[in-house]
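My notes follow in the order I took them.

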Amino acid sequence: MKLKYFVACTVAAQTLTLGAAIAQTPLTIWYHGAGNEVESALINQIVADFNASQSDWSVSLESFPQGAYNDSVVAAALAGNLPDILDVDGPVMPNWAWAGYMQPLPLDEAVIADFLPGTKGYWDGQLYSIGLWDAAVALVTRQSTLDALDLRTPTLAEPWSGDEFMAALDAAKVSGDWEYAFDPGMAWTGEWYPYAFSPFLQSFGGDIVDRSTYQSADGVLNGDAAVAFGEWWQSLFTGGYAPGTSQDPAARDNGFIEGRYAFSWNGNWAALNALNSFDDTLFLPAPDFGNGPKIGAASWQFGVSGTSEHPDGAAAFIEFALQDEYLAAFSNGIGLIPATASAAAMTENYAEGGAMAVFFALSEAQALVRPVTPGYVVQAKVFEKALADIANGADVVDTLDAAVDEIDADIARNSGYGH
């Protein structure tokens, strides 16, 4: 009798377990971090924790190398094979939303009220994506460099003006102590150009495209402010202040550490290398060229694919991933800026007094997202080519005018991209 009762209970338990497993609706997520062991371990842990935390959804992860990720998404969209949850680079999101690759994210915005602005992906008045981190760029130098050149230390409240910045570069150049006064990072290409360099243009008063309508670049990419920026940009290379487009990638990665550059324009992801090399490393705010100091914003974010039949489940996973413990874990693991101040307080480097806390403050005070338009993916490439050409000696006015013509033609071909 006892045996029969035991068997009946066992069968009942197995049935309940099977029923729970069957009840879990499968969801898929694609991620761009394949090949990065630390990053992969972190996202896999979130997936495992979410699956164990509830019985409604079961998420499976597929990771891609970052260089092949965007092309994989576009190909899958054309074939109708998108996953439920997409990882998307912030400035690319409007294009994917416009193309139907993504749908609005059904997330209570109270959940992200305290997130850094650059982590929030809005398009056409709706939230489509949210990031666990952001990234910021600073002017990297050493206190000993400022002391040797008799320069004041700029602050968020009182950054260097454009004139002060150039005076600093002049002092470094005249000293002869460095191969170049300034390393903007010309060996890096692609998204680095609009992310790192368009904030200089925006500080001059120009932009990649007119953000009031997103229908033209005329007047903002080739107006007086943009021409002044272009002439300044070209002077960095013709004046011998910075290495040009032929810069060796190894020099970009290690030149500041090796003492070849007095100042380097670089991101928080490279900060630990400088901190570990010099005990007087400084991360200075962007200079103000007349219209406020600017740096780039918006990194990788999560959203729901346009074809997902379970946006509620996808949103449930994304909200789960937004817990401070995961934001802090990503920051500790790969050095990026936690999306919230409460998560930053849980980290070693971004907590108050931490060696990289300044980057959180820079994101709050100076960050500007790249143009929020589906046309950005084309505009970014046009901008990159124009800046490389100007650095290589092309006529500033002609180059900017040609860039405007190319951007405006693309906008017209796409019927204004829905703006």
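Predicted model: local features only at pLDDT ≥ 70, side-chain atom pairs only at ≥ 80, totals over all residues.

**Entry 1: helix 2 and helix 12**

I read an angle of about 165° between them, with the axes 9 Å apart. Angles over 145 degrees count as roughly antiparallel, so helix 2 and helix 12 are roughly antiparallel to each other. Helix 2 spans residues 37-53, and helix 12 spans residues 324-334. I noted the hand of their crossing as right-handed.

Which residues of helix 2 and helix 12 meet? From helix 2 I listed V38, E39, L42, I43, I46 and D49. On the side of helix 12 I found Y326, A329, F330, G333 and I334. Sorted by class, this contact has eight nonpolar residues, one polar and two charged.

**Entry 2: helix 8 and helix 16**

I turned to helix 8, residues 224-238, and helix 16, residues 396-413. Their axes come within 9 Å and cross at roughly 125°. Roughly perpendicular ends at 115 degrees and roughly antiparallel starts over 145, so helix 8 and helix 16 are oblique to each other. I logged the crossing of helix 8 and helix 16 as right-handed.

I then wrote down the contact residues. Helix 8 supplies A226, V227, G230, E231 and Q234. Helix 16 supplies V396, V397 and L400. By class I have five nonpolar, two polar and one charged in the contact of helix 8 with helix 16.

**Entry 3: A386**

Next I looked up A386. I placed it in helix 15, which covers residues 376-391. Is A386 buried or exposed? Its relative accessible area is 5%.

**Entry 4: confidence**

The protein chain has a mean of 94. I noted that 95% of its residues reach 70 or more. Residues 1-21 went into a separate note, with pLDDT below 50 over that stretch. Beyond near neighbours in sequence, I found one contact for residues 1-21 in the model.

Methods:
Residues numbered from 1 in each chain as written. Heavy atoms only, no water. Axes fitted to C-alpha atoms, helices over the stretch in contact; angles between N-to-C directions. Helix = DSSP H or I, 4+ residues; strand = E, 2+ residues; numbered from the N terminus. Parallel < 35°, antiparallel > 145°, perpendicular 65-115°, else oblique. Left-handed = near helix turned anticlockwise from the far one by under 90°. Contact = heavy atoms within 4.5 Å. Nonpolar A, V, L, I, M, F, W, Y, C, P; charged D, E, K, R; others polar. pLDDT = per-residue confidence, 0-100. Buried < 20%, exposed > 50% of the residue type's maximum accessible area, 1.4 Å probe, protein only.
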